[in-house]
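New notebook page, new structure. I'll jot down what I look up as I go, starting with the aromatic rings and then moving on to the pockets.

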Amino acid sequence: MERWHERDTVVPHSPQMKSSIHDTPCSCDCLVSMPPASAIPAVIFAKNSDRPRDEVQEVVFVPAGTHPPGSRLQCTYIEVEQVSKTHAVILSRPSWLWGAEMGANEHGVCIGNEAVWTKEPVGEGEALLGMDLLRLALERGSTAQEALHVITGLLERYGQGGSCREDPMPFCYHNTFLLADRTEAWVLETAGRLWAAQRIQGGARNISNQLSIGTDISAEHPELRSHAQAQGWWTGQGAFDFAQVFSLTQQPVRMEAAKARFRAGQELLQKWQGSITAEVMMDILRNKESGICMDSGGFRTTASMVSILPQDPTRPCVHFLTATPDPSRSVFKPFIFGVGATQAPQVLSPTFGAQDPVRTLPRFQTQVDRRHMLYRGQQVALGLMESEQQEQGQQLRQKQQDLEQEGLEAVRGLLAGERTPAHQELGGLFQAFVERESRAYTELST
C-alpha cells in the first residue's frame, strides 16, 4: 500500500451546512467496467449527474494551453496557481461554475465526482469545489493516477468548500471521485483534507454518494489512521475499514437511499458481467426503477456521459455526452478529440460577466436564464412526449433513438478499424450530431 504525504487540517463545522444534507436531495452514480467485465478490450466509464432540476448543464470544449510562469487561475470561488501546460478537455458542467461534474481529456482520462458527507465536518468557507478539483485534474493529469495525485495535492494546499448550488441557501459537501484511463481506474474518497484511494485493474465498480472503500486501500493520506484514532473513531486495533470508520453514524435519508442505488448499480453491472458495452452503460443510466435515472425531490439527472477507452492506444477514445436532462429522453452524442474539435455553440450557455450572480456579493441573490439552445429544444420535446400528443412525441423519441444509433454504429466501425476517417472529421463529430439533434427540435416547433 502506498501512502502520499499530506498535512491534516480539520475544516470548521457549520450547523447550517449540516442541516442542508437532511433537507436537500443530492445523488449521482458513476460506473466503470474493464476487461473481463467489458465485452470489448476497453475501459468503459459512465456517469449520471443528478442536480437541482432546473439547473442547466453545458458541454464545454477547452483546447490545450500553455501559460506563462506565475500565472493565476480563477476557479469558481478562489484563485490557484496555474501550471505551465494544460491538456485539452471536454467537460459537462453546471453552467454557473468553473469546474465540471464529469469530463475527459485528450489523453483518455475520465473523471466523475459525487457528493458525500462523513464524520469530518463540512467547511463553510469558500475553497475549491469538488467540481473544480475534477477539472483541474483533467487539465493536469495524463493518467488516472496522475489525476488522482493532482486532486490530493490541491486538497492539501487549498482544501475543499463552498456552496455547490446556485442558491442563497448554502449547500456544501465533500467529494468522492471515479477516475479512469485506458488501463485502470481509481476510486478516491475524501473527508475534508483526508482521503483514501482504491486501484481497480479489472472487473466493474460503481460509486453512489457514500463511502465505499473498506479495507482494500491502495493509497491514503499519511495521517488518515492517526486522525481517526485521535477522534475516537478507530481503536487502532485490527483491520482499518475506511468506510466504516468515517461514515456518519446517523445517515441522512438521502444517503440511505444512495445505498439502494449503489446496490442496484452493482447488480446491474453483475448482470452484464463480461458483456458490458457503451450501450449497456447507457441503459443502466436510463434505469428509472433503480433510481439511477432520477427525478424526485427537486432533483433530477441533468446530464449524462459514457466513454469508451480502448486498451489499444492506436484507437481513439470516444466520449458520449447528452448536454440535456433525463438520459431516457436524450441523445448520447459522440465526441472524439481531433484536429477539428471545437466548441459546439448550441450546448454553450449564455454568459453574464461581472453581473453574474455567482460573481456579485453576496452571491446568488438573483437568477438568470442559463438555458442553451439544445436545452431549450429538448425541453419542448419533453413537453410533447409528456403531453396528449403522444404520436408526435413517439415520433420524436424515435428520431432521437435513430440519431443515437447512427452515432454508435459510426463509433463501432471506427473502433473495429473498419474505417479511418480524417482527423478533421473526427474532431467535428460531436458538432455534427448536436446540429442534427438541434435541427430535429427546430423542425418540431415550426
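Predicted model: local features only at pLDDT ≥ 70, side-chain atom pairs only at ≥ 80, totals over all residues.

I began with two phenylalanines: Phe335 and Phe337 are both buried.

How buried is Phe335? I looked up its relative accessibility and got 1%, so Phe335 counts as buried, being under 20%.

Next I searched the whole structure for aromatic pairs and got 11. I picked out Phe61 and Phe335: their ring centres are 5.9 Å apart and the planes sit at 40°, so I logged this pair as tilted. The pair links distant parts of the chain, with Phe61 in strand E4 (residues 57-62) and Phe335 in strand E20 (residues 333-335), 274 residues apart. I checked Phe61 too, and at 14% relative accessibility it counts as buried.

Back to Phe335 and Phe337: here the centres are 4.9 Å apart and the planes are at 90°, so the pair is edge-to-face.

Which residues make up the cluster? I wrote down Phe61, Phe335, Phe337 and Phe430, which form one aromatic cluster.

I also noted a charge over a ring: Arg436 lies over the face of Phe433, 5.7 Å from the ring centre.

On to the pockets. The largest pocket holds about 540 Å³ of space. I found 22 residues lining it, and Pro52, Asp54, Glu55, Glu166 and Gln367 lie nearest its centre. I sorted this lining by class into 8 nonpolar, 5 polar and 9 charged residues.

The second largest pocket came out at about 290 Å³. Its lining has 19 residues, with Arg93, Ser95, Trp96, Leu97 and Asp356 the closest to its centre.

Key: Residues numbered from 1 in each chain as written. Heavy atoms only, no water. 1 Å grid on protein atoms, 1.4 Å probe; cavity = no way out; pocket = protein on both sides within 12 Å on 5 of 7 lines; lining within 4 Å. Points joined across faces, edges and corners; volume = space filled by probe spheres on them. Nonpolar A, V, L, I, M, F, W, Y, C, P; charged D, E, K, R; others polar. Phe/Tyr/Trp six-rings, centres within 6.5 Å; stacked < 30°, edge-to-face > 60°. Helix = DSSP H or I, 4+ residues; strand = E, 2+ residues; numbered from the N terminus. Buried < 20%, exposed > 50% of the residue type's maximum accessible area, 1.4 Å probe, protein only. Lys NZ or Arg CZ within 6 Å of the ring centre and 35° of its normal.
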